[in-house]
Amino acid sequence: MKPKFAMYWAASCGGCEIAVLNTHEKILDVDANFDVVFWPVAMDAKYKDVEAMEDGSILLTLFNGSIRNDENEHIAKLLRQKSKILVAFGSCACEGCIPGLANLSPVGDIVHTAFNTLTTDNPHQIYPRTSFDVPEGELHIPKLEKVLRPLDHVVDVDYYMPGCPPESHQIAAVIDLVIKVVKGEAELPPKGATIGVGNSTVCDECPRARNVKTIREFKRIQDIAPVDPNLCLLEQGIPCNGPATCSGCNARCPNAGAQCIGCYGPAQGVMDYGARLITAFSSVIDATEPQEIERILDGIPDPIGQVYRFNLAGSLLKANRNAFKS
Amino acid sequence: MTHNTFEPTIIGFTCNWCSYRAADLAGTARMKYAPNVRLIRMMCSGRLDPTFVLRALSEGADGVMITGCHPGECHYIEQNYKALRRYLLLKRVLKGMGIEPERVKLVWASAAEGAKFAAETTAFVEEIRKLGPLSWGKDEGGGMKDEIKNGDSSLTIHAERSSFEKEVAA
């Protein structure tokens, strides 16, 4: 009998699923070696089918998406119970990713923005409720939680696979590894390991030339013309998140002429991604007078978006104070 | 300390070459200052990783004081300027997280300035007392409390704390 495989999406965009499909014919290896028992985006399945499974009967679960509502949390706990190996798959599950930026606002404001702003025609002020009586019975929709949480704040996680989404060549390598483990040809990495990544920073994979950096001005990349294609972007005054970001993507963005935005999450040994970037950016500013430093820092108009774009929910502070209070 | 009196918890990061000795001087000279500050000695204010500040605030500190040598007098030539730049950027980030930037303070104090160190500490404690407790993630978030109860590994702070302190001291 083939070992069982599951994949789930919680608060996410679906890009992780597409990244898995982007492994092309490798996906056939998954099918050849695993019995896919639960994968809502690819096949029909009901939660009660998962609830009926024996504990620990799924060998491998790739869980993408973060925990935004009580349904996410329920399924996370359910899949933890049913799975031998639970992988936080993709940036949302690992560290909150873009959905985690909602932690800057109280949940009431988020709902208000979605249902009652210029882009939404809501003349009767209809807002979602968590339960509603209809002639057929009571309907429930999931309840939003105050703050969004990464998967490991809710359940125990065996491995982390970052990336928004994880690069397909990394997914393929991990699939190969797991198949080898199943066949007894390889061993699993130690529990808690980050898999499908390099062991350094994006800068180490970036081919751009690096010299001593002295920044007199931070600028947005679109405000610089022309951008030197061979020189470190940070050196050109473009806030590039490479110095804090885990390698593994082959420095795709800097190679394509854009700055790293940090989707691969913190590099090894980095406890707080944003703090590491604060250090990196501050170190290269060429000024000693507070006023001049402030002028240069004005070139980063959205500091939170810059240093925590993918990592807010997974950072030490986790959320804006107002979001906790909501 | 009575139930209704808020006593701020302050973590102070001091530079081995100046402000730590200023604190020492304040002590040997029997100067009085607020006892709320817990000092952690570093070799230089430039050693201050903003992670230390975020971790202190997220784990119960109400304010963080960073002290270093006066500009131009750094034992390691110019590392205190790095501390200054990190401090200014960190304050912007804290503001974005809903934390009053005044909860983090940078003070320059030479080894001779025991009196200044004592006065600045007392003034800072009073400032934080006015701002009130920070209680990050403890009094405010239901979900956060659950996490701590569940003994989540990323939040088992006390077990890790000793290694953190070692790391700071290194």
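Axes here are lines fitted to C-alpha atoms, for helices over the stretch in contact, and angles run from 0 to 180 degrees between N-to-C directions. Helices (H or I, at least four residues) and strands (E, at least two) are DSSP runs, numbered from the N terminus. Two packed helices are described by the angle between their axes and the distance between the axes.

With that in hand, look at chain B of this predicted model. Helix H1 (residues 19-28) of chain B packs against helix H4 (residues 114-131) of chain B at an angle of about 90°, and their axes are 7 Å apart. That makes H1(B) roughly perpendicular to H4(B); angles of 65 to 115 degrees get that name, while those under 35 count as roughly parallel, those over 145 as roughly antiparallel and the rest as oblique. From H1(B), the contact uses Ser19(B), Ala22(B), Ala23(B), Leu25(B) and Ala26(B), and from H4(B) it uses Gly114(B), Lys116(B), Phe117(B) and Ala118(B). Residues are in contact if their C-beta atoms, placed from the backbone, lie within 7 Å. Sorted by class, this contact has six nonpolar, two polar and one charged residues. Nonpolar covers Ala, Val, Leu, Ile, Met, Phe, Trp, Tyr, Cys and Pro, charged covers Asp, Glu, Lys and Arg, and the others, Gly among them, are polar.

## How to read the model

Residues are numbered from 1 along each chain as its sequence is written, while chains are lettered from A and ligands numbered from 1 in the order in which they are written. Since the model is predicted, local features need pLDDT of at least 70 and side-chain atom pairs count only at pLDDT 80 or more, while totals for chains, interfaces and linings use all residues.

## Where the chains meet

Chain B brings 31 residues to its contact with chain A, and chain A brings 32 residues. On the chain B side, helix H2 (50-58), helix H3 (79-96) and helix H5 (142-149) each supply at least two residues. H3(B) gives the most, with 11 residues. The side of chain B that touches chain A has 13 nonpolar, nine polar and nine charged residues.

## Chain A as a whole

Chain A has 13 helices and nine strands. Its C-alpha trace spans about 65 × 60 × 30 Å along the principal axes. A compact globule of 326 residues would have a radius of gyration near 20 Å, and the 22 Å of chain A agrees with this. That radius is taken over C-alpha atoms, and the globule rule is 2.2 Å times the number of residues to the power 0.38.

Of the 326 residues of chain A, 45% count as buried. Buried means that 20 or more other C-beta atoms lie within 10 Å of a residue's own, exposed means 12 or fewer, and partly exposed is in between, with C-beta atoms placed from the backbone. Gln81(A), in helix H4 of chain A, is partly exposed, with 17 other C-beta atoms within 10 Å.

## Domains

Domain bounds come from an automatic or database domain assignment. Chain A is divided into domain 1 (4-99 + 148-182), domain 2 (107-145) and domain 3 (202-322). The centres of domain 1 and domain 2 of chain A, taken over C-alpha atoms, are 29 Å apart. Their contact takes four residues from each of these two domains.

Chain B is divided into domain 1 (10-133) and domain 2 (135-164). Here the contact takes five residues from domain 1 of chain B and five from domain 2 of chain B.
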